[in-house]
There are 2 protein chains.
Amino acid sequence: MIAFSDAYNLVLSYSQNYGEENVSLKKAVGRVLAEDIHADRDFPPFDRATKDGIAINYDAIENGRKSFNIKAVIAAGQKTYPFLEQENCVEIMTGAVVPIEADTVVMYEDIGVEHEIATINTLAKRGQNIHYKGSDQKKGELVLNKDTRITAAEIGVLASVGKATVKVKKLPGIAVISTGNELVEVEEHPLPHQIRKSNSYTLYAALQKENIEPLLLHLSDDKDMIRQKLSYVIQEMDVVLMSGGVSKGKFDFIPKVLGELGVKNVFHGVLQRPGKPFWFGMHEDSNTVIFSFPGNPISTFANYYIYFKPWLLHSLGLPLPEVEVSLEEPISIKGSLTRFLGVKTRWENGILKARFVKDNGSGDLTSLARSDGFIKLIPREQPYNTDEKVSFISTRTLV
Amino acid sequence: MIAFSDAYNLVLSYSQNYGEENVSLKKAVGRVLAEDIHADRDFPPFDRATKDGIAINYDAIENGRKSFNIKAVIAAGQKTYPFLEQENCVEIMTGAVVPIEADTVVMYEDIGVEHEIATINTLAKRGQNIHYKGSDQKKGELVLNKDTRITAAEIGVLASVGKATVKVKKLPGIAVISTGNELVEVEEHPLPHQIRKSNSYTLYAALQKENIEPLLLHLSDDKDMIRQKLSYVIQEMDVVLMSGGVSKGKFDFIPKVLGELGVKNVFHGVLQRPGKPFWFGMHEDSNTVIFSFPGNPISTFANYYIYFKPWLLHSLGLPLPEVEVSLEEPISIKGSLTRFLGVKTRWENGILKARFVKDNGSGDLTSLARSDGFIKLIPREQPYNTDEKVSFISTRTLV
């Protein structure tokens, strides 16, 4: 049995790099950039009108001119007008290229037009309503860093610089394994002594949020079958997430079989609640990482977020979130275990406040559905006080 | 031109209900429940051992007994042992059914076994290590509410109660339309007066996060083609998200065509920056809602999160998040426009702090990639102060 912080650091020390792959831009959201992205041209690529109106040379205004002959209408996506003289102007649309001799755009609202002559009826400022070439980025400039999570904002930048395919971090192939003869499928009517699988579906859903579609497998309490299936997934997958089968019961063959298959037991058992009988191992030959969570649904759920998710973020080169919440009530914890308590949060005045969600410590799944995440409480003599800030592990999107 | 709060309330007043549909449990994550979920049996469904050990009747201990004949080994998923007498016990595994005559489980760590006789060597407590039938939920009890966003935690509950298919809110069918002859595809090499499409991809990515796969269309500045395509999408889709084409230029046919097609213009222009020339309309006959955003990438991006996302959440029956952040520096805003400023956030002591991200007000997409969202600043004479709490609209997952 090891301390929580040791277990946590050990798990992170087994982070892996799964390399890179190219995906189309439309599939890139949620993934992690595996390349620096540079501007492939100046942005904007030309002096761009930001209003609809007329383009003129401001020198003309300084020379006392107010009226201009309209020589052309330049729409966005057209070549611009060449050789604009000072007495002339072009009508220009938002997004169009400002003629080289022009330096000022006056909006339609500020001009009158009669007989192809535009007359300016307000004060203009030199350079107004033009977004100058290269003023956002120069060609070659770094616009996105490697190791960035791609959201809608990054997709816009990638599209602008022509990245129809993007190099992203490869995600690990994951097997989710349920164990236990008491488990039946969701669509079945369980007998009185049976229950339906839930941990596999919970892990499946959590992994979907990470763009991972895991392989789902079930192991009955049959040692030969367990050996055969585990041997297969250790060879074929990068990560195994298991629930159940690692306590001390007569039918808990799994730790033994994992050992026989050459999986190194990094640790078994952590001074924490829930999730104490967590088994973590590594198959060095095939580079497979094995998270074997206790079968209790709250334990599996908590350990996924406590250990697996930081491990995944770290493996992908992403920073680990460090969020604190403010307690709405005092909490006393007894004993020497690091505790993870389900909490419901709410915002008040820019502060994320957390209130303990009652569960009976038993594996009541609805308590998870009533929680937004877990607070982490390190054992100590004095109670945790109201308004004290404690570490928070989110299990749903709050902001 | 209308005030921001009027525009916002008008948009929300056009929220729609798109009905319900059944999806498989594996596709339900991220969707919104359209039914209340009740326990289909007691949870747990039987008196369940929570430790591996022996099951006994505590009366025997009160009568002075310490040793028990082992009559059987009950694994999880097996029928339990009938008619357990006081001098006997069964070995029982975690998850197995405790015999009806037993009321206490003593773990292996606290017993010795010799010649099929188990001897207890610690103090036991009546009822320990048993998770009693129905102690989490009674059959028929409400376990999940309608109008709940389904996350991994809800998936676990749904699996437990046998919901292999789940009734969820239907999502609107959405067309994302780019406009403007200056736009070319991402994979093309634009001519000097052209730029690549980015708004469509940004909206596409943002909608993917909502489980929506939109139809992507492009409109060139050709009135007949615009009429033909818009007429189709208004008939076939529930929502149209458009970018560009609604300012006052000579080639901005779209508002006119929308009018000819029977779309009611609810408003055009909002006293806000960015995103002022926002056009919002409704085709009453076909119940199609039209968000026509200005073409500037920052305007489209901001208005998606300012208007469309709350509209979508409201349409799905979800609460609208109300998050405030604490300013890291004072900000003065001038004029009468409601301002939305890109900010980078960080956590400090349970408080989400925000620092203004510089952009040149031009449509610089990289400023969005450097931001976590927008703060909303209502116009006022005094500057906003350091540590003042202001409303925040998140554009990426922060917690």
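Trainee: What makes strands β17 and β21 of chain B partners in this predicted model?

Mentor: Two strands pair if at least two bridges are found between them. Five bridges join β17 (residues 239-243) of chain B to β21 (residues 288-293) of chain B, so the two strands pair, and they run parallel. Within this pairing, B:V239 stands opposite B:V289 of β21(B).

Trainee: Why are β16 and β18 of chain B said to stand at the edges of the sheet?

Mentor: The open sheet has six strands in the order β16-β13-β17-β21-β20-β18 (chain B), with mixed pairing. Because β16 (215-219) and β18 (264-268) of chain B each have a single partner strand, one side of each is left without a neighbour in the sheet. The twist from one strand to the next averages 20°.

Trainee: Which helices pack on these strands?

Mentor: Helix α4 (residues 199-208) of chain B touches β13 (174-179), β16 and β17 of chain B, and its direction makes about 160° with that of β13(B). Helix α7(B) lies across β17 and β21 of chain B, at about 145° to β21(B).

Trainee: How do you know that the length of α7(B) agrees with its number of residues?

Mentor: At 1.5 Å a residue, the 19 residues of α7(B) (residues 297-315) should span 27 Å; the end C-alpha atoms are 25 Å apart, which agrees. The helix also bends by about 35° at B:Y304. Just after α7(B), B:G317 takes a positive phi of about 80°.

Trainee: What makes α7(B) mostly covered?

Mentor: A residue is buried if 20 or more other C-beta atoms lie within 10 Å of its own. In α7(B), 15 of the 19 residues are buried, so the helix is described as mostly covered.

Definitions and conventions: Residues are numbered from 1 along each chain as its sequence is written. Chains are lettered from A and ligands numbered from 1 in the order in which they are written. This is a predicted model: local features need pLDDT of at least 70, side-chain atom pairs count only at pLDDT 80 or more; totals for chains, interfaces and linings use all residues. Helices (H or I, at least four residues) and strands (E, at least two) are DSSP runs, numbered from the N terminus. The expected span of a helix is 1.5 Å times one less than its number of residues. The bend at a residue is the angle between axes fitted to the seven residues ending there and the seven starting there. A residue is buried if 20 or more other C-beta atoms lie within 10 Å of its own, exposed if 12 or fewer, and partly exposed in between; C-beta atoms are placed from the backbone. Axes are lines fitted to C-alpha atoms, for helices over the stretch in contact, and angles run from 0 to 180 degrees between N-to-C directions. Two residues are in contact if their C-beta atoms, placed from the backbone, lie within 7 Å.
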